[in-house]
Amino acid sequence: MGILLKDRINQVNQRANQMKENGTFFWLKTIENSSQSRVMVDQKEKIMLASYNYLALIDHPKLKEAGIKAIEKYGTGTSGVRFLSGTTEVHKKLEAKIAQFKGADDAITYTSGYVTNLAAITALFQKDDILIIDKIDHASIIDGCMLSGARYKTFLHNDMGRLEAILKDSDNYVNKIIIVDGVYSMDGDVANLPEISRLAKKYKAKVMVDEAHSIGVLGKTGHGIEEYFGLENAVDIHMGTLSKTIPSVGGYIAAEKSMIDYLRHNSRPFIFSAPIPPVNAAVAIAALEVIEDEPERVENLHRNMERYRVGIQSMGYNIGDSVTAIVPIIVGGEEETLQLCKMVNEMGVFICPIVYPAVSKGTSRLRSHVLTNHTVEDIDEALSIFEKAGKSLGII
Ligand SMILES: Cc1ncc(COP(=O)(O)O)c(C=O)c1O
């Protein structure tokens, strides 16, 4: 039996309204200044643990200057799709810069990371193909798989035995691809790329990695998951966003030239939708240059990640297998998670809760993100707030 649209709308809105009444609706908060290591929220300064501004590039003078120059030269948008009147020199420069940064032949950009996964997966794979994905891959990968019309199967998170079992059973499909997140966005752990790559070669599958949370974070110089594992050519399709470490908007695929040319001619969001404005492309180029020119940003992020992770874990919080800038504080029950969130926000930390359906039931959590410009004092103050709140609620 179907459900009337008005009832469907009411069901969802009712829950949100109840949470607003209880003071446990922590989402859609207005940030009242630029998103830095401390931010103004609810007219109070708080330590920022909810941003993806990992390398603190949002306020970087070179990025701002590049954006202003691009607006002055090209105006505010393209007023056209790339194919017709929407390609500027700065779009081409960005794609060349991404290709160089990822060590690929060529790259293509789209208007968001979400659209990038949809665009690439639907253009590249069809009904006789199999897409093999980690159970906790990002929603945009799952949505891309559903839209593609290809068969898709999930393996338990990072379970290489299950991945191999699916690959063994996939001889009947024309093309096989394994698609994973480089860093899992809700858990902060890393895909087992060495084993994925070995299995892909054994079973003649391709590998696509979503590097939304690994660019600027993984690897000594922030170049991502292959650098982190010391691997080369383990990834066939590099996907990433321009909206996190790179504080602009958009997404990219970097791969061999023939595949990128094919996407230019065959991916519907490229052909039928306008591109990122030149200003965002210029900012993204500047961000990639700064990551390479100022290696101390990545080095400091790595130091901060270690200090925060060790601190949270040693208090007795469950952080799963996190080894990156994303450190989940897995509480379990939704109610307790919301209470912890409320308390730490009141005490001066800005952080958001993650509950079902974004994560499975019983694994509700607060998701903290460490930034390169957190000072030792920021980290230690945040740790002390978590310790006090966790103890007072009996969570640790
Ligand atoms: C792993 C992953 N992939 C893709 C995306 C989508 O990126 P965007 O926000 O640029 O659309 C996100 C966003 O949170 C993400 O975490």
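Predicted model: local features only at pLDDT ≥ 70, side-chain atom pairs only at ≥ 80, totals over all residues.
Next up is aspartate 181, which sits in strand 6, the stretch covering residues 176-181. Is aspartate 181 buried or exposed? Aspartate 181 counts as buried because 25 other C-beta atoms lie within 10 Å, and the cut-off for buried is 20 or more.

Skip the neighbours within four places in sequence, and aspartate 181 is in contact with Asp134, Asp137, His138, Ala191 and Asp210. Another contact, Asp210, is 29 residues away from aspartate 181 in sequence, yet their C-alpha atoms are 4.6 Å apart in space.

Now for some strand pairing. Strand 1 (residues 38-41) and strand 2 (residues 44-48) run antiparallel and are joined by four bridges. Within that pairing, valine 39 has lysine 46 of strand 2 as its bridge partner. The hairpin these two strands form has two residues between the strands, and aspartate 42 there takes a positive phi near 50°.

Strand 2 has a link to strand 11 (residues 349-350) as well: two bridges join them, and this pair runs parallel. Here isoleucine 47 has valine 349 of strand 11 as its bridge partner.

How values were computed:
Residues numbered from 1 in each chain as written. Buried ≥ 20, exposed ≤ 12 C-beta atoms within 10 Å, placed from the backbone. Contact = placed C-beta atoms within 7 Å. Pairing = 2+ DSSP bridges.
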